[in-house]
Amino acid sequence: MTLERDLFGAEHAEDDTARVLVADHDPISRHVLTRVLGASPHLDVVGGVNNQQPLRQWPLDRVDVAVLAVAPREDATGLIRQLDLRRVRVLVVGTGWTQRRLDAFFAAGATGCLVKNINVAKLATAVRAVASGHTVLSPELRTLHARPTGTAPAPSTAGSKDLLHTLTSREQEVLRNLTEGMSTAETAVRLRVSPATVKSHISHALTKLGARNRLEAVLLFQRSYATEGEALPVAPARPVAPARPVEVA
């Protein structure tokens, strides 16, 4: 079975075109990424922009995913937050990754982070996965995401269920929505609160769970219910594709 069928199912492997915008300050790299993604019949590439342009100049109308290429040591957290507030999922492609940088991008709202030397044939699949609500991470970055020696260990699977009970009902609602693949902005709309309030709940939940970022919290939230053989509680609003970490080689 192919990665596409694993992610989207046989009946959806040929459907659901996603609108994509490529943002890269390097015109040559921007051209290559735009051409590669434009060759996929499942992606509608609306164009490419210099990511140093003001966001108001970006053609974001009905864009599902922004593929954001970043240079080493480039701080893109503010840009990621702005895109997240506009309900645009962000797939970051870059080099010079560090643990701090990876955590900062996920905390800002990125849905995926890839090394820039990813197999171009799989880049389109990664973009479609992000558009469907999956979290994408290059295998090379998984070790950076692992908790470093000397920090407090993550809660054990056996005790994670009890740990979740320390969260308020609203904090659990927010985590449930993130688990369903929703962005900060989408969660705010569903819960009828401001994006700033959602971010506050996420911050409090991370502290209580001992998680470093939202991805780690989502994984813990999923494991806690799987341990007891329970299904995650489902919100009454429209269903969203479930988020699950996907490694793209």
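Buried here means under 20% relative accessible area, exposed means over 50%, and partly exposed is anything in between (1.4 Å probe, protein chains only). Helices (H or I, at least four residues) and strands (E, at least two) are DSSP runs, numbered from the N terminus. The model is predicted, so to speak of a local feature takes pLDDT of at least 70, and side-chain atom pairs count only at pLDDT 80 or more, while totals for chains, interfaces and linings use all residues. Residues are numbered from 1 along each chain as its sequence is written, and side-chain values use heavy atoms, with hydrogens and water left out.

**View 1. Helix α8 is largely enclosed by the rest of the structure.** This helix covers residues 169-179, and eight of its eleven residues are buried. The buried set is Glu171, Gln172, Val174, Leu175, Arg176, Asn177, Leu178 and Thr179. Look just past the end of α8 for Gly181, which takes a positive phi of about 95°.

**View 2. Arg170, Glu173 and Arg176 are linked in a network of salt bridges.** For a pair to count, a side-chain nitrogen of Lys or Arg has to sit within 4 Å of a carboxyl oxygen of Asp or Glu. Arg170 pairs with Glu173, with the closest N and O atoms 3.4 Å apart. Both lie in α8, three residues apart, or about one turn of the helix. Glu173 also meets Arg176 (3.7 Å, N to O), and here too the spacing is three residues within α8. Arg170 is partly exposed at 28% relative accessibility and Glu173 is partly exposed at 24%, whereas Arg176 is buried at 13%. Across the whole structure, the search finds eight salt bridges.

**View 3. A salt bridge joins Glu171 to Lys208.** The N to O distance for this one is 3.0 Å. Glu171 belongs to α8 and Lys208 to helix α10 (residues 195-209), so the pair ties together parts that are 37 residues apart in sequence.

**View 4. Strand β5 runs parallel to β4 and to β6.** In a regular strand, side chains alternate between the two faces of the sheet. In β5 (residues 112-115), Gly112 and Leu114 point one way, Cys113 and Val115 point the other way, and all are buried. Strands count as paired if DSSP finds at least two bridges between them. Four bridges join β5 to β4 (residues 89-94), and Val92 stands opposite Cys113. The chain gets from β4 to β5 through helix α4 (residues 99-108), in a right-handed β-α-β crossover. Right-handed means that, with the strands pointing away from the viewer, the path from the first strand over the helix to the second runs clockwise. Two bridges join β5 to β6 (residues 135-137), where Gly112 stands opposite Val136.

**View 5. The largest nonpolar core has 28 residues.** Such a core is a set of buried Ala, Val, Leu, Ile, Met, Phe, Trp, Tyr and Cys residues joined through side-chain atoms within 4.5 Å. Trp58, Leu68, Ile80, Leu83, Val92, Phe105 and Cys113 touch the most other members. At least two residues come from each of β1 (18-23), β3 (65-70), α3 (77-85), β4, α4 and β5, and α4 gives the most, with four. Leaving aside neighbours within four places in sequence, Leu83 is in contact (heavy atoms within 4.5 Å) with Leu55, Trp58, Leu60, Ala66, Val88 and Val90. A second, separate core of 20 residues includes Val65, Val67, Leu91 and Ala124.
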